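Subject: Structure for you to look at

Hello,

I am passing on the structure we talked about, with its sequence. Please open it first, then read the notes below.

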Amino acid sequence: MISTELILEESQLEFLNQFQQYGFKDQHEVVRTALARLKQALQQERLIESAHLYAELYEEDLEVQALTEAALSDWTE
């Protein structure tokens with residue numbers, strides 16, 4: 001693994017020092033878990049944002065709506 005230096009606020013360091021109370025083996029595991037969760041949350045936000053944009057485009061494009069409806073009716077027959 002690679003190491004790095006972090007600059008934390010005092011309250012963040014206090015939280016980090018309580019790693020055992022939250023079931024972590026050390027402070028490093030807390031930071032790795034937090035970063036993994038943040039990454040997942042950001043990816044989820046991007047997916048949701050993308051879905052909203054596609055829905056917006058779909059609502060505005062009558063041709064795409066017609067093509068979608070035609071494809072769906074062909075598929076359900």
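**Notes on the loop, the helices and the pocket**

The model is predicted, so local features need pLDDT of at least 70 and side-chain atom pairs count only at pLDDT 80 or more, while totals for chains, interfaces and linings use all residues. Residues are numbered from 1 along each chain as its sequence is written, and side-chain values use heavy atoms, with hydrogens and water left out.

Asp26 sits in the loop between α1 and α2. Helices (H or I, at least four residues) and strands (E, at least two) are DSSP runs, numbered from the N terminus. With a relative accessible area of 22%, Asp26 is partly exposed. On this scale, buried means under 20% relative accessible area, exposed means over 50%, and partly exposed is in between, using a 1.4 Å probe and protein chains only. Asp26 and Leu16 are ten residues apart in sequence, and their C-alpha atoms are 8.8 Å apart in space.

The loop between α1 and α2 also holds Gln20. Is Gln20 buried or exposed? Gln20 counts as exposed, because its relative accessibility is 63%. From Gln20 to Glu9 is eleven residues in sequence and 20 Å in space, C-alpha to C-alpha.

**Helix α2**

Gln27 belongs to helix α2. Its relative accessibility is 27%, so Gln27 counts as partly exposed. Which residues does Gln27 touch, not counting residues up to four places away in sequence? They are Leu16, Asn17 and Phe19. For Gln27 and Asn17, ten residues apart along the chain, the C-alpha atoms are separated by 6.8 Å.

Val31 is another residue found in helix α2. Val31 has a relative accessible area of 25% and is therefore partly exposed. Leaving out residues up to four places away in sequence, Val31 touches Leu6 and Leu16. Phe19 is twelve residues from Val31 along the chain, and their C-alpha atoms are separated by 9.8 Å.

**Where α2 meets α3**

The axes of helix α2 (residues 27-60) and helix α3 (residues 62-76) come within 5 Å and cross at roughly 95°. Axes are lines fitted to C-alpha atoms, for helices over the stretch in contact, and angles run from 0 to 180 degrees between N-to-C directions.

On the α2 side, the contact is made by Tyr58, Glu59 and Glu60; on the α3 side, by Leu62, Val64, Gln65 and Thr68. These residues divide into three nonpolar, two polar and two charged. Ala, Val, Leu, Ile, Met, Phe, Trp, Tyr, Cys and Pro count as nonpolar, Asp, Glu, Lys and Arg as charged, and the others, Gly among them, as polar.

Gln65, in helix α3, counts as buried because its relative accessibility is 17%. Not counting residues up to four places away in sequence, Gln65 touches Tyr58, Glu59 and Glu60.

**The largest pocket**

The largest pocket has a volume of about 350 Å³. A pocket is an open set of points on a 1 Å grid over the protein atoms alone, where a 1.4 Å probe fits, with protein on both sides within 12 Å along at least five of seven lines; lining residues have an atom within 4 Å of a point. Grid points are joined across faces, edges and corners, and the volume is the space filled by probe spheres set on the points.

Of the 13 lining residues, Ile2, Thr4, Leu6, His28 and Val31 are the closest to the centre of the largest pocket. The elements that give two or more residues to the lining are α1 (10-16) and α2. Helix α2 gives the most, with five residues. By type, the lining of the largest pocket divides into eight nonpolar, four polar and one charged.

Regards

How values were computed:
Contact means heavy atoms within 4.5 Å.
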